[in-house]
Amino acid sequence: MLFLKKKSFKMLIFAAFACLTTVILSIQLFYVMRANNKLVENFETNYFAKVVISDTSALVDKFFESIESTVNILSSNFSGSDITKHEQLKFLFLNCLKEIKQSVSVALSFKDGTFFEAKLIEGQTHFRDADNGMLPNYVRFAFRSIEHIENSKMLRDRWQYLSDDLICVTMEEVPVARNMSKSGWYITAELRKEAVWFDPIIQNKEIEIVLSRPVGYCNDATAVGVIAVTLAASKVNEILKNAIPSENSVAYLISQKDEIISSSSDFQNIQTDGRDVEIVQSTESNDKILTAASRALTKIGNGRTTFTVNGVGYIAAIQELKTIPFSLLVIIPRDDFVSIVSKTNYNVMIVTIIIFILSVIAIILLAHRFSNPIRELCMTADSISKFSNNEYIAPPKSEIAEIAKLSDDMDVLNMSRTIFAKYSPVELIAKLVEQRKYPEIGGETKKITILFTDIANFSTLSENLPAEYLILHLSEYLEALTDELVKQHGTIDKYIGDAIMAVWGAQEPDHEQIVNACNAAFNCQSRLRKLEKTWAPLGKPSLPTRIGIHTGQAIVGNVGSPNRMNFTTIGDIVNIASRLESANKFYGTKIIVSEDIANEAKGRILFRIIDRIAVKGKNTAINIYEPLCTTDDTDSETYYKQIELSAKSKEAFELYQMQEFARALERYERIVQLFPNVLTSVEPVIKRCRSYVRETPENFDGVFYMDSK
C-alpha cells in the first residue's frame with residue numbers, strides 16, 4: 001500500500017495498461033504475420049479453387065434452378081381442357097412477373113396459333129397505344145392474347161395495358177403478325193420435350209435470356225403448347241452481386257460463345273458497331289482486368305489462373321453452371337481474402353482474449369478500488385452528453401470527498417441539461433456537443449421540407465374558454481402532434497401559439513424527408529381523430545387542424561446575437577408552406593402540399609390535384625395537391641376509390657387548363673356525384689368553369705390568385 005500512496009492514480013493506470021497493451025500487440029503482430037504468410041502460400045492452391053468458385057457457382061445455379069422450377073410448376077398446371085382460360089392465364093402470368101423480378105415476359109403458345117403473353121413494359125418507350133401515342137406512365141404490364149374469333153378460323157391479336165395493381169388502363173387490337181409456334185423457342189422445346197435455355201439475344205438494346213418448356217402432352221406424347229419465360233440479363237446483375245465472395249470481387253455470366261451476358265459490376269456488355277448491336281466478348285472488352293483474365297484462362301486451358309494488372313495481383317476462375325448452358329467467371333483481388341480470412345481472425349481473437357484475461361486479472365487487483373467510482377462517473381457523464389433522460393445513470397456514492405463532490409455536481413449538471421433541453425431542439429444540442437462546436441451566427445443553404453400546422457378558428461375558441469383550461473387542452477394537443485412529427489424524424493423549429501413549424505433535413509441529411517413529412521401529416525390527422533373521441537365525453541372541444549407542406553432550398557442556421565440566438569430556417573419555402581396551410585381554409589381541406597412534394601413523393605404517396613394558385617404576395621404559380629393515402633395501403637377498402645378520385649381529378653383539371661370549360665365542368669360535377677366529400681375543395685373551380693362557359697376570360701393563364709393569407 002505504501003507503493004500505491006507514493007504513486008498517482010494516473011501513473012498506476014498508465015503503467016499497467018501500457019505493459020498490457022505492449023504484450024498483447026507484440027504477440028498478436030507475431031501471430032498475424034506468420035498466419036498471413038502461410039495463408040498467401042496456400043490460398044491459390046486450396047481455398048479459391050475448392051471453395052470460392054464452387055460456392056459462388058452454387059448460388060448462381062440455385063437462382064436459375066428456382067426459375068426452372070417456376071416454369072415446371074407453371075407447365076404442370078395446364079391441361080388440354082382448361083389451358084386457354086383467358087383471365088386465369090392473365091393473372092397467373094402477371095403475378096409470375098411480379099414474383100420473378102428478373103423476368104421480362106411469360107408466354108404460352110399453341111400449335112393452332114393461339115398465344116398468350118404477359119410483358120413488363122415499365123420504362124419501355126417503344127410500347128404505344130392504338131393512336132401511336134405514349135402510354136400513361138403508370139402502365140407497367142401488357143397482356144397479349146392471340147385467339148380465334150368465335151365461329152371463325154381468323155385470329156385476333158388483342159393487347160391489354162395494365163397498371164401495377166393489374167387494373168386494365170387501355171386495350172387495343174392489332175393485325176396478327178406471325179404464328180408464335182414457328183418460333184425457335186417453341187420448336188426446340190417441342191422437339192427436345194424438356195426445359196431448354198437458349199443463347200442470349202438482344203431486344204431493344206437489352207440482353208434477354210429465354211427458358212421454354214413444352215406443356216399439356218396429348219395421348220400421342222405431343223406437346224399441346226410451349227411456355228416460355230424471358231429474363232432481363234441486366235436484372236440478373238443483382239443475383240451476381242449477392243453471390244460474389246468479397247467486396248471487390250467481380251462475377252461475369254458468360255455464354256458458350258464467350259459473350260458477357262451479365263456482370264456484378266456496372267460493366268457495359270452491349271456495343272454498337274455502326275447499325276449493328278452486339279454483345280461484348282470477354283476477350284475483346286475494354287476492361288483490362290477482364291480481358292487479361294479471359295485470355296489467361298483461354299491460354300492455359302483450365303479453370304483457374306493468377307495474373308497481374310498495373311501491379312495488382314488477381315485470381316480468376318471459371319466454372320460451367322449445372323442448370324443453364326453458361327459459365328461463371330469470378331475475378332478476385334488477392335488482398336481481399338488475405339485481409340479478411342475468418343479463421344485467421346478467429347485465432348487472433350482467441351489468443352488476444354487469453355492474454356488479455358491473464359493481464360487484466362493482475363491489473364484489476366490493484367485498480368479495482370480506484371477505478372470503479374471513476375468508471376461510474378464516466379458513465380454518468382456519457383449519459384448526460386447523450387441528452388436523453390431515459391439513458392441517465394445516477395452518479396455513484398463514495399467516501400472519497402472529491403468523488404462525492406463530483407457526484408453532486410453531476411446531478412446538478414443533469415438537472416441543467418434537462419431544463420435547457422425543454423427550450424431548444426435536443427438534436428441540435430447533441431450534434432454541437434458531439435462535434436465539440438460552439439454555436440455561431442450564420443447558416444448554409446440546404447434542401448429541406450417544411451410542415452406547418454394550425455388550428456381552425458382557434459381565436460374564437462380561445463375567447464370562450466378560461467385561460468387555464470385552454471393551456472391544458474392546447475398542451476395535450478401539441479404533445480400529441482409533436483410526438484407524431486418526431487416519430488417521422490421531424491424537428492420542431494418553433495411553436496407559434498397554436499401553430500407548429502416542423503422541419504426535415506435541416507440538421508442531418510434526410511433522403512426520405514418528403515415521404516416522412518407526408519406520413520407525419522397523415523399520422524397527425526389520425527391521432528387527432530382518436531383524441532377527439534376521448535375529448536367528446538369530457539366536453540372538451542375538438543381542434544380541427546390544417547396542414548401545409550412544401551420543400552425546396554432554404555437557409556438553415558443560427559440567427560440573433562452572439563449572446564442569444566435561435567436555430568431556425570429562413571427562405572421563401574417557409575412562407576409558401578405557411579400559405580399552403582392557410583389555403584386549406586379556402587378549399588375546405590385538411591392537408592395541402594405543393595407540386596414539388598407531389599412530384600418527389602410520386603409512387604410512394606397518392607395525391608389528387610386541387611388547383612393552380614399564386615399565394616398572396618407571390619406572382620409565381622404552383623399546382624397544389626391533397627395527399628390521399630400511401631401506396632402501401634393497398635389493403636384499404638377505399639384505396640381503389642382514391643386511385644379513381646386521383647385520376648378523375650387530374651383529367652378534369654387538365655381540361656380546365658386547356659380552357660375546355662364545359663367538359664371540365666362536366667367532369668368536376670361527376671366527381672362531386674361520386675365523391676361528395678370533396679365538394680368544398682372543387683367548388684371554387686366549378687364556379688369558375690360555370691362563369692367561363694358563359695364568357696371566356698381574356699388572357700386566361702389557369703392560375704387562381706389568392707387575395708388572403
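Reader: Which residues do ring pairs link into a cluster with Tyr656?

Author: This is a predicted model, to start with. In it, ring pairs link Phe653, Tyr656, Phe661, Tyr692 and Phe700 into a cluster.

Reader: OK, and how many aromatic pairs does a search of the whole structure find?

Author: The search comes up with 17 aromatic pairs. Take Phe110 and Phe116: their ring centres are 6.4 Å apart and the planes sit at 80°, so that pair is edge-to-face.

Reader: Is Phe110 buried or exposed? And what about Phe116, buried or exposed?

Author: Phe110 counts as buried, at 4% relative accessibility. Phe116 is buried too, with a relative accessible area of 0%.

Reader: Where do Tyr656 and Phe700 lie?

Author: Tyr656 lies in helix α16, residues 639-657, while Phe700 is in the loop between α18 (679-694) and β25 (704-705). They are 44 residues apart in sequence, so the pair ties together separate parts of the chain. Tyr656 and Phe700 are both buried.

Reader: Which element gives the most to the lining of the second largest pocket?

Author: That's α16, with 12 residues, the helix that also holds Tyr656. The elements that each supply at least two residues of this lining are β5 (168-174), α15 (595-600), β23 (605-614) and α16.

Reader: How do the residues of that pocket lining divide into nonpolar, polar and charged?

Author: For the second largest pocket, the lining has 18 nonpolar, six polar and 12 charged residues.

Reader: Which residues line the second largest cavity?

Author: Its lining is Arg608, Ile609, Ile610, Ser649, Tyr668, Ser681 and Val682. β23 has the largest share, three residues, and β23 and α18 each supply at least two. By type, the lining of the second largest cavity splits into four nonpolar, two polar and one charged.

Reader: New topic, helix α4. Which residues are buried there?

Author: In α4, residues 184-192, the buried ones are Trp185, Tyr186, Ala189 and Glu190. Looking down the axis of α4, the buried residues fall within an arc of 125°, so they line one face of the helix.

Reader: Why would residues three or four places apart point the same way?

Author: An α-helix has 3.6 residues a turn, so residues with that spacing point the same way.

Reader: Last one: where is Leu92 found, and how far is Leu92 from Ala118 in space?

Author: Leu92 is found in helix α3, residues 86-99, and counts as partly exposed at 30% relative accessibility. Leu92 and Ala118 are 26 residues apart in sequence, and their C-alpha atoms are 9.3 Å apart in space.

Note on methods
Residues are numbered from 1 along each chain as its sequence is written. This is a predicted model: local features need pLDDT of at least 70, side-chain atom pairs count only at pLDDT 80 or more; totals for chains, interfaces and linings use all residues. Side-chain values use heavy atoms; hydrogens and water are left out. Rings of Phe, Tyr and Trp (its six-membered ring) pair if their centres lie within 6.5 Å; planes under 30 degrees apart count as stacked, over 60 as edge-to-face and the rest as tilted. Buried means under 20% relative accessible area, exposed over 50%, partly exposed in between (1.4 Å probe, protein chains only). Helices (H or I, at least four residues) and strands (E, at least two) are DSSP runs, numbered from the N terminus. Ala, Val, Leu, Ile, Met, Phe, Trp, Tyr, Cys and Pro count as nonpolar, Asp, Glu, Lys and Arg as charged, and the others, Gly among them, as polar. On a 1 Å grid over the protein atoms alone, a cavity is a set of points where a 1.4 Å probe fits but cannot get out, and a pocket is an open set with protein on both sides within 12 Å along at least five of seven lines; lining residues have an atom within 4 Å of a point. The arc is that of the directions from the helix axis to the C-beta atoms.
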